[in-house]
Amino acid sequence: MKVTTIAMVLLSLTIALPLWAQEKESKCDSNFKQALTFLKEDKSSTDDQTFAINLLKPCASNGHVYAKVLLGTIYEASTTNKEHRKAFKLYKEVAKDGNAIAMFNLGVLYKNGKGCQLNYNKARKWFEKSAEQGNEMAIYSLGYMYLKGLGSIDQDYKKAVSYFEKSEYAMAKYWLGVCYLNGYGVLKNIQKANELLETNFDVTNLSTAVDTDSQQSTSAVSESSITTTTNSLTTTTVDQESLLGSWKGKLIQLDWSKTTITKKIDFELTIKKDEQTGTLVSSVVSNNQTINDDVLLLDNTLYFDNTNITLPHTAYKESIPTALAYQLLSGDIQLKSFEGVNYLTANIDSYIPKWNESGVPTRLVLKKVVGFANSDKELSDDALKALSEQEESFIKLYPNPFVNDVIVSYNLETQANVQVEITDLSGNSKAVLASGKIQAKGDHRYFFNASPLQKGAYVVSVTVNGERKTRVIVKK
């Protein structure tokens with residue numbers, strides 16, 4: 001969830017103020033307090049903060065720590081990358097001197113790729129340094145990263161809970177409540193969840209309360225039934241012709257550990273071929289919306305050009321929305337047959353613009369619509385989950401879509417000869433990140449500055465010992 005940094009920093013600086021204000025007040029101390037009051041009282045807009053900037057700039061140049069942090073906060077709230085780089089420079093100067101607020105802010109910039117290359121691992125490093133000094137927001141942020149598995153760390157509910165328990169920050173209490181409500185990393189405790197979330201779920205009802213949506217199923221997934229369903233599946237190769245037609249079924253969302261279905265949403269997908277251009281066009285119908293879009297099929301990946309859809313979101317605070325706008329980016333697709341019925345399944349990559357984050361793990365399980373012969377029989381959760389299971393994409397990309405910087409990562413099971421390249425959709429090379437290079441077993445990661453590229457879709461290819469794997473990525 002995106003953090004409103006400027007509000008948090010103003011709060012942090014207000015708390016920190018008495019620690020140094022007891023000393024003899026200098027001119028810069030006075031300037032800082034004037035600027036802080038000006039911003040707290042909302043006397044300015046983000047478009048015109050000249051008064052505060054003029055107070056802070058000379059003091060920041062003279063090394064006044066809090067003037068640097070507050071000036072950085074103003075720059076960070078700007079909409080231009082030039083100002084974000086100024087914020088990054090100021091925060092880094094102060095963070096290196098051990099200021100916990102600047103360390104946290106630097107972590108936020110690395111997490112969001114503002115004014116710097118997006119780097120979850122560096123974000124985590126600065127959150128850890130800030131947390132060591134007791135910064136509550138940094139402690140919470142570490143928990144949030146483990147909750148969703150951001151960066152090179154494994155997703156881990158227990159570690160997330162351990163950080164949430166140590167932080168007094170309001171959002172830490174919120175997520176701790178969610179964990180108790182659903183048994184994420186802790187034994188489910190509805191009473192404790194109610195205390196933390198200020199809700200009134202029935203403590204005698206031990207079923208999952210993740211979603212009160214009428215489409216939510218709370219049935220447990222049986223391991224034996226999954227195995228039976230999986231053994232009954234046959235998978236066929238996806239090509240353009242087999243994809244054409246209408247498909248109807250469910251969009252399913254899972255928790256961050258990908259073990260529990262949290263939402264099942266009706267979803268219809270129709271794919272046709274434009275007779276004049278030969279391109280594929282899609283129509284998505286879901287959640288009372290119809291979205292028409294161009295799509296591209298490339299190496300078993302279906303890329304959506306501009307499919308934006310609003311989906312329900314479970315929230316336990318008024319400040320958190322109950323619906324979120326998602327951009328569906330691409331899906332690794334498979335065609336499967338189960339009990340004589342053909343299914344289109346996909347692992348969907350999605351993006352939440354409001355929070356500048358990837359969406360929750362999302363899958364599609366759709367039946368081919370054939371005349372009036374389709375059965376309306378609902379699939380159980382275990383069948384849905386088994387049908388949607390497939391190998392994770394070899395190539396990981398983040399963020400997608402991206403503005404300037406993109407991270408390309410993959411894992412090699414053994415030492416191999418690897419080439420990593422970015423091309424346009426016509427196959428014209430735009431960048432070679434690794435060329436015919438022997439690489440060791442394990443994780444490999446590249447940071448690519450794509451600012452010179454035009455907006456549009458590009459293909460990231462990783463060729464391992466002659467076998468080419470591809471993903472589509474979008475520059476906004």
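A salt bridge here is a side-chain nitrogen of Lys or Arg within 4 Å of a carboxyl oxygen of Asp or Glu. Glu-357 and Lys-148 meet that rule, with their closest N and O atoms 2.8 Å apart. Glu-357 sits in strand β9 and Lys-148 in helix α8, so this pair ties together parts that are 209 residues apart in sequence. The model is a predicted one.

How exposed or buried are the two partners? Glu-357 has a relative accessible area of 3%, so it is buried. Lys-148 is buried as well, because its relative accessible area is 10%, and the limit for buried is under 20%.

The count of salt bridges comes to 12. Another one joins Asp-266 and Lys-250, whose closest N and O atoms are 2.4 Å apart. This pair links distant parts of the chain: Asp-266 belongs to strand β3, Lys-250 to strand β2, and 16 residues separate them. Asp-266 counts as partly exposed, because its relative accessibility is 44%. Lys-250, with a relative accessible area of 13%, is buried.

A further bridge stays inside one helix. Glu-93 and Lys-89 meet through their side chains at 2.8 Å, N to O. They are 4 residues apart in helix α5 (residues 81-96), so about one helical turn separates them. Glu-93 is partly exposed at 29% relative accessible area. Lys-89 counts as exposed at 52%, because exposed means over 50%. Shared partners join Lys-68, Lys-89 and Glu-93 into one network of salt bridges.

Now turn to the nonpolar interior. In soluble globular proteins, nonpolar side chains tend to be buried together. Here the largest nonpolar core has 106 residues. Which of its members touch the most others? They are Phe-164 and Trp-175. A second, separate core holds 22 residues, including Ile-395, Val-406, Ala-416 and Leu-453.

The structure holds 4 cavities of 30 Å³ or more. The largest cavity contains about 410 Å³ of space. It is lined by 25 residues, and those closest to its centre are Trp-175, Trp-256, His-313, Thr-314 and Val-360. Elements giving two or more residues to the cavity lining are α8 (136-148), α10 (170-182), β2 (245-254), β3 (261-273) and β7. The largest share, 4 residues, comes from α10. By class, the cavity lining has 17 nonpolar, 5 polar and 3 charged residues.

The open space follows. The largest pocket has a volume of about 1,400 Å³. Its lining has 44 residues, and Gly-149, Lys-258, Glu-392, Lys-396 and Leu-397 lie nearest the centre. Several elements give two or more residues to this lining, among them α7 (120-132), β7, β8 (341-352), β9 (357-358) and β10 (362-368). The pocket lining divides into 16 nonpolar, 16 polar and 12 charged residues.

Strand β7 gives two or more residues to the lining of the largest pocket and also to that of the largest cavity. Lys-336 lies in this strand, which covers residues 323-338. Is Lys-336 buried or exposed? Its relative accessibility is 5%, so Lys-336 counts as buried. Its side chain makes a polar contact with the side chain of Gln-334, at 3.5 Å.

Notes. Residues are numbered from 1 along each chain as its sequence is written. This is a predicted model: local features need pLDDT of at least 70, side-chain atom pairs count only at pLDDT 80 or more; totals for chains, interfaces and linings use all residues. Side-chain values use heavy atoms; hydrogens and water are left out. A nonpolar core is a set of buried Ala, Val, Leu, Ile, Met, Phe, Trp, Tyr and Cys residues joined through side-chain atoms within 4.5 Å. Buried means under 20% relative accessible area, exposed over 50%, partly exposed in between (1.4 Å probe, protein chains only). A polar contact is a pair of N or O atoms within 3.5 Å; within protein, one must be able to donate a hydrogen and the other to accept it, and residues adjacent in sequence count only if both atoms are side-chain atoms. On a 1 Å grid over the protein atoms alone, a cavity is a set of points where a 1.4 Å probe fits but cannot get out, and a pocket is an open set with protein on both sides within 12 Å along at least five of seven lines; lining residues have an atom within 4 Å of a point. Grid points are joined across faces, edges and corners, and a volume is the space filled by probe spheres set on the points. Ala, Val, Leu, Ile, Met, Phe, Trp, Tyr, Cys and Pro count as nonpolar, Asp, Glu, Lys and Arg as charged, and the others, Gly among them, as polar.
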